[in-house]
Amino acid sequence: MNKRLTRTTLGLLMGMALCLQACTEQEAAAPVPEPAPRYDGVILNGTVYDGSGAPGVQADVAIDDGRIVALGDFDSDNTKDGGFTIDASGKAVAPGFINMLSWALDSLIHDGRSQGDIRQGVTLEVFGEGESWGPWNDTMKAEEKARQSDITYDIEWTSLGEFLEYLEQRGVSTNVASFVGATTVRVHEVGYEDRAPTAEELERMQALVRQGMEEGALGVGSSLIYAPAYYASTEELIALTSVAAEYGGMYISHMRSEGNRLLEAIDELITIARESGAPAEIYHFKQSGESNWSKFDEAVAKIEQARAEGLRISADMYTYTAGSTGLDAAMPPWVQEGGYADWRERLQNPEVRAKLQEEMLDREADWSNLMLAAGPEGTLLVGFRNPELRKYTGRTLSEVAEERGTNPQQTAMDLVIEDGSRVQVVYFLMSEENVKRGIALPWMSFGSDAYSMAPEGVFLNSSTHPRAYGNFARLLGRYVRDEQVIPLAEAIRKMTSLPAAHLGLRERGSLVPGYHADVVVFDPDTINDVATYDDPHRYAVGVSDVIVNGVQVLQDGEHTGATPGQVVRGPGWTGWQD
C-alpha cells in the first residue's frame, strides 16, 4: 500500500515536471513584444492637413530628431522623457507657414522670438525684396549703421550668407532665407547714380549674385519703384537673373508699377523670366488706385498666358486693402538720386520743391506715385525716426498738412527733411473685391511685407500696418472660415507646399515623413487677426502650438523662448552633400 502511494506520488510529480518543462519551452519560443517606439514629440487627435491641398485626415504625428517620422496612431506613451505631447483635439495640424515677403531683419536681431509671426504659425521668413543684408562693402555698412534708430547693433557680417548665419547663431525662433537684392548689388558697384553700369561693373554685379547663390540665396529680388532700383534697365535685370537661373534660382519683383503702368510692368517681368530662363514671381500682387482696379482681369490673363507658354509665373500678396512703405513712393526717382542726403538737400531747394510739387500731382507720370493713388486722406503716418515727430503717428497726411498750414505735397517734403528718413506710411490703395479674387488664384501665396514684432519695448515707439501681426491669421479667419473664399486645405497649400516648391526648398512645406518638422497647430473656429490700423500692436489669436525643426516654440499659446531657427538655403548652395 505504501509502495503504491509512493509510486503514484512519484508519477504525479514527474508529470508535473514534464508539463512545467513544456510550458517553459513554449514561453521561451513565444516572441517577446517590442517596446512602443518613443519620439521627441507627438501631436495627438488632430485633423492633419499635409500641405498638398488634400482634405484633412484624423491622424497623430510623430516627430524625432527634427523631422517628421510618421503619421499614424500614437499616444502619450510614445513620447520620450522630456519630450512634448500635444493634444490637438478639434484643431488643425499643418506644415508651418512660409512668409514669402518678410522684413523681419533688424527686428529679429533685436528680438529673435519673432513673436508677431510665430503666433500666426509662420516658421520661415523670406527676405530680399530688392535689398538684401549682404553683400555689403564698407561704405554700405557705414550707411546702414547711420540709418539705425531705436534698434542698434554692430554689423558683424559682409556677405548674405554670413548675415543669415549670424541670425542663426544669435538665435531666432523662425527659419530664415533670402534672395540676393538687385538693388544691393547695384549699390555695391554703381552707388546711387542714375546710370547704367559699365561692362566691368555689371560683370562684378553678376559675380556678387553668383556668390549669393552659392551661399544659398533663393534667386534675385528687385524693387523697381524705388531709387536707385528704378534706374536699372530690363537688360541689367536679365543679366543678373540669368546667373541665378544657372543655379536653379528665381526672379521675384516689386514691379516697376502696380498702378497706371501695371500691365507694362507685368510684361517686363515676363520678359525677364523668358530671357533669363528663371521662374518669376510678383511681390504683393495688387492694382493700386481706384482707376486701376479694373485691370485685375487683364493682369491675370497676361500671367495665365505666360504660364500656358510654359513659363512659371506666380505671385504673392497680403490680405489687406492698404499697403505700407515710405514717402519716397510719393516722389519721383530723379529727386532721390544719390541717396538720402542728396534727396534731403534737394528738398530744401525752392525751385526743386516747385517742380516736385507739380510732378507729385501729375496723374500721367510714368513713375509709381502711391500718395496720388491713395490721396493724402488715405496716407496714414505710422513710423518716424525723429521722436519730435511721433506726435503725428496714426494721423493722415491731410490732417497733418492742415494743422501745419501747408499743402500735402509740401508737408511730405518737410517730414522727410525733418525726420532724417523716408517716413513710414500706410497707403489705402486696393479693392476688397480684388483682394478676394487674388486669394482665390491657384498660383498665389502670401507674404506680410512687414517686420515680426512684439507689443512691447522699442516696437511701441512707432505704429505699423496690422499685417505685421495678422496677415496669415486674417486669411484663415476672415477669408477662409467667415467668407469661404477658398477651402481651408487650399489655404494651407498656398502657405506651405506651394511657396516651398516655388522657392526650390528641400524637404520643407509638407507634413510627410522625412521632412523637417515645422508644424503649426491652430483652431479653425477661432483663428483671427485682431490688429487694426488704429491699434496694430496686437497678437493674432487661435494658434496654440508651433514646432520649428522639431522644437516646440509656442506651447498652449505662449512662447517657450526656444530659438531653433535655421538658415534655409536655395538649390545653388555649395554645401549640399549630394
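## Basis

The model is predicted, so local features need pLDDT of at least 70 and side-chain atom pairs count only at pLDDT 80 or more, while totals for chains, interfaces and linings use all residues. Residues are numbered from 1 along each chain as its sequence is written, and side-chain values use heavy atoms, with hydrogens and water left out.

## Helix α6

Helices (H or I, at least four residues) and strands (E, at least two) are DSSP runs, numbered from the N terminus. Helix α6 spans residues 182–189, and eight of its eight residues are buried, so the helix is largely enclosed by the rest of the structure. Buried means under 20% relative accessible area, exposed over 50%, and partly exposed in between (1.4 Å probe, protein chains only).

The buried residues of α6 include Arg-186, His-188 and Glu-189, along with Ala-182 and Val-185. They pack against α4 (138–147), β9 (180–181), α7 (199–214), β10 (219–223) and α8 (234–246); contact means heavy atoms within 4.5 Å. After α6 comes Gly-191, with a positive phi near 80°.

## Thr-464

Thr-464 sits in the loop between β17 (444–446) and α17 (467–482). Its relative accessible area is 10%, which means Thr-464 is buried. Leaving aside residues up to four places away in sequence, Thr-464 touches Val-382, Met-453, Tyr-469, Pro-536 and His-537.

## Aromatic rings

The structure holds 18 aromatic pairs. Rings of Phe, Tyr and Trp (its six-membered ring) pair if their centres lie within 6.5 Å; planes under 30 degrees apart count as stacked, over 60 as edge-to-face and the rest as tilted. Phe-285 and Phe-296 make an edge-to-face pair, with 6.0 Å centre to centre and 70° between the planes. Phe-285 belongs to the loop between β12 (280–282) and α10 (296–308), and Phe-296 to helix α10, 11 residues apart. Both Phe-285 and Phe-296 are buried. Ring pairs also join Phe-127, Trp-133, Trp-136, Tyr-153, Trp-157, Phe-163 and Tyr-166 into a cluster.

Two arginines lie over ring faces: Arg-474 over Tyr-320, at 4.5 Å from the ring centre, and Arg-506 over Trp-576, at 4.1 Å from the ring centre. A charge sits over a ring if NZ of Lys or CZ of Arg is within 6 Å of the ring centre and within 35 degrees of the ring normal.

## Cavities and a pocket

On a 1 Å grid over the protein atoms alone, a cavity is a set of points where a 1.4 Å probe fits but cannot get out, and a pocket is an open set with protein on both sides within 12 Å along at least five of seven lines; lining residues have an atom within 4 Å of a point. Grid points are joined across faces, edges and corners, and a volume is the space filled by probe spheres set on the points. There are three cavities of 30 Å³ or more. The largest cavity has a volume of about 100 Å³. Among the 13 residues lining the largest cavity, Phe-285, Lys-286, Met-317, Met-430 and Val-435 are closest to its centre. Helix α16 (residues 432–439) gives the largest share of this lining, three residues.

The second largest cavity has a volume of about 80 Å³, and its lining includes Pro-95, Leu-505, Arg-508 and Asp-518. The second largest pocket has a volume of about 270 Å³. Its lining has 20 residues, with Asn-260, Ser-288, Asn-292, Asn-369 and Ala-373 nearest the centre.
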